[in-house]
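User: Can you walk me through this model? I'm new to reading structures.

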Amino acid sequence: MAISPHHLLPLLLLLAAAAASAGANNLVGELESLRSRSPSGVIHLTDTSVTRFLSSSTRPYSVLVFFDATSLHSKSDLHLPQLRREFALLSAAFQANNPASSDLFFADIEFSESQHSFSQFGVNSLPHVRLIRPHHSRLADSEQMDQSHFSRLADSMLEFVEARTGLQVGPITRPPLVSRNQIILLVVMFLASIPFGVKRILQGDTLLHDRRVWMAGALFVYFFSVSGGMYGIIRHTPMFITDRADPNKLVFFYQGSGMQLGAEGFAVGSLYTLVGLMIAVVTHLLVKVESLQTQRFAMVAVMIVGWWAVRKVIFLDNWKTGYSIHTFWPSSWR
């Protein structure tokens, strides 16, 4: 019996849809298999696998891709190793809270292995993360994660993923700083040291009885305070950045009040600490020197170095913020 042309077209469409569905299921199955082999669930892609899994027109899933470059791991201002670890935590969190989900996969691409893929996505700077969704027919049209989503590491990446995909990633679970075996070893060592510690305390022969330790601690607290160390820890301030005009040049002082580098704070903190140490030397040690000539020479040296240090702080503050120090004389002196 001959098949009518009116029935042939729906049949072909049905066969095409079935073939596309089978192809999509095969891709999902392969990705799930690759994900299961990774401890964190991050799938490593190359140029070949990018073409297969991301360029397919029958892609029913989304893929979040981390672009990496091993050769740039030594550049501390990029924080690539740290961001790669945070990306793995994000992937592990999604896998733990959505074990049966095939809506989203996490993957990474390394530059030396997949330069063609970097070119397809249009990636020319790192760090870089892209979200490829089912409706993205071209890789270059995928959604780029903004630099602000790296500020709080995995937590801010999670917000980007949930906002763009509508999926619930789940809480980020970070590994403990100290493992169970390390805790047991530390407890055993502490218990074993208690008798020796009690004996040293009764004899007054511990670090807590050494005034030099207290003096060093006081200097550290003072330097840490005036150098903005806590500010740097809270804001994840880099010590230096790369010069945009010359990538081989490092910038330690950034002009402008909107940003502060760690090196700037340490430099100013060192000048403050220097002046404080000189005042301590004058008030506690120099007064015990019997030679009047030595005292005068030391005082002149302290005044010169102190004047230079204060002048340098004022100069740096004016260069960075534009704020100037003005001298005001009593009206009776004018």
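Analyst: Here is a short tour of the sheet, the core, the salt bridges and the surface.

User: What should I know before we start?

Analyst: This is a predicted model, so to speak of local features we need pLDDT of at least 70, side-chain atom pairs count only at pLDDT 80 or more, and totals for chains, interfaces and linings use all residues. Residues are numbered from 1 along each chain as its sequence is written, and side-chain values use heavy atoms, with hydrogens and water left out.

User: Okay, the sheet. What order do the strands come in?

Analyst: The order is β1-β3-β2-β4-β5. These 5 strands form an open sheet with mixed pairing. Strands here are DSSP E runs of at least two residues, helices are H or I runs of at least four, and both are numbered from the N terminus. Two strands pair if DSSP finds at least two bridges between them.

User: Which strands stand at the edges?

Analyst: β1 and β5 do. Each has a single partner strand, so one side of each is left without a neighbour in the sheet.

User: How many bridges join β1 and β3?

Analyst: There are 4 bridges, in the parallel sense. Strand β1 covers residues 42-45. Leu45 stands opposite Ile109 in β3.

User: And how many bridges join β2 and β3?

Analyst: That pair has 7 bridges, also parallel. Strand β2 runs over residues 62-68. Val63 has Phe105 in β3 as its bridge partner, and Val65 has Ala107.

User: Is β3 mostly covered or uncovered?

Analyst: Mostly covered: 7 of its 7 residues, 104-110, are buried. Buried means under 20% relative accessible area, exposed means over 50%, and partly exposed is in between (1.4 Å probe, protein chains only).

User: Which residues sit on which side?

Analyst: Leu104, Phe106, Asp108 and Glu110 are on one side. Phe105, Ala107 and Ile109 are on the other. Both faces are covered. In a regular strand the side chains alternate between the two faces of the sheet.

User: Switching to the core. How many residues does the largest nonpolar core have?

Analyst: It has 49 residues. A nonpolar core is a set of buried Ala, Val, Leu, Ile, Met, Phe, Trp, Tyr and Cys residues joined through side-chain atoms within 4.5 Å. Leu54, Leu64, Leu90 and Phe121 have the most contacts inside the largest one.

User: Which helix gives the most to this core?

Analyst: Helix α3, residues 80-97, gives the most to this core, with 8 residues.

User: What is Phe121 in contact with?

Analyst: Contact means heavy atoms within 4.5 Å. Leaving aside neighbours within four places in sequence, the contacts of Phe121 include Val50, Leu54, Phe67, Ile109 and Arg130.

User: Where is Ser40, and is it buried or exposed?

Analyst: Ser40 is in the loop between α1 and β1. Ser40 is buried, at 16% relative accessible area. Not counting residues up to four places away in sequence, Ser40 touches Ala88, Ser91, Ala92 and Gln95.

User: New topic. How many salt bridges are there?

Analyst: A search of the whole structure finds 9. A salt bridge is a side-chain nitrogen of Lys or Arg within 4 Å of a carboxyl oxygen of Asp or Glu. One of them joins Arg52 and Glu30, at 2.3 Å from N to O. Arg52 lies in helix α2 and Glu30 in helix α1, so the pair ties together parts that are 22 residues apart in sequence.

User: How exposed are those two?

Analyst: Arg52 is partly exposed at 40%. Glu30 is partly exposed at 30%.

User: What about Lys320 and Glu264?

Analyst: Their side chains meet in a salt bridge at 3.0 Å, N to O. Lys320 lies in helix α10 and Glu264 in helix α9, so the pair ties together parts that are 56 residues apart in sequence. Both residues are buried.

User: Which residues form a network?

Analyst: Glu86, Asp155 and Arg174 are linked in a network of salt bridges.

User: Last one, the surface. Where is Phe190, and is it buried or exposed?

Analyst: Phe190 is in helix α6, residues 180-203. Phe190 is exposed, with a relative accessible area of 54%.

User: And Gly322: buried or exposed?

Analyst: Gly322 is exposed, at 51% relative accessibility. Gly322 is found in the segment after α10.
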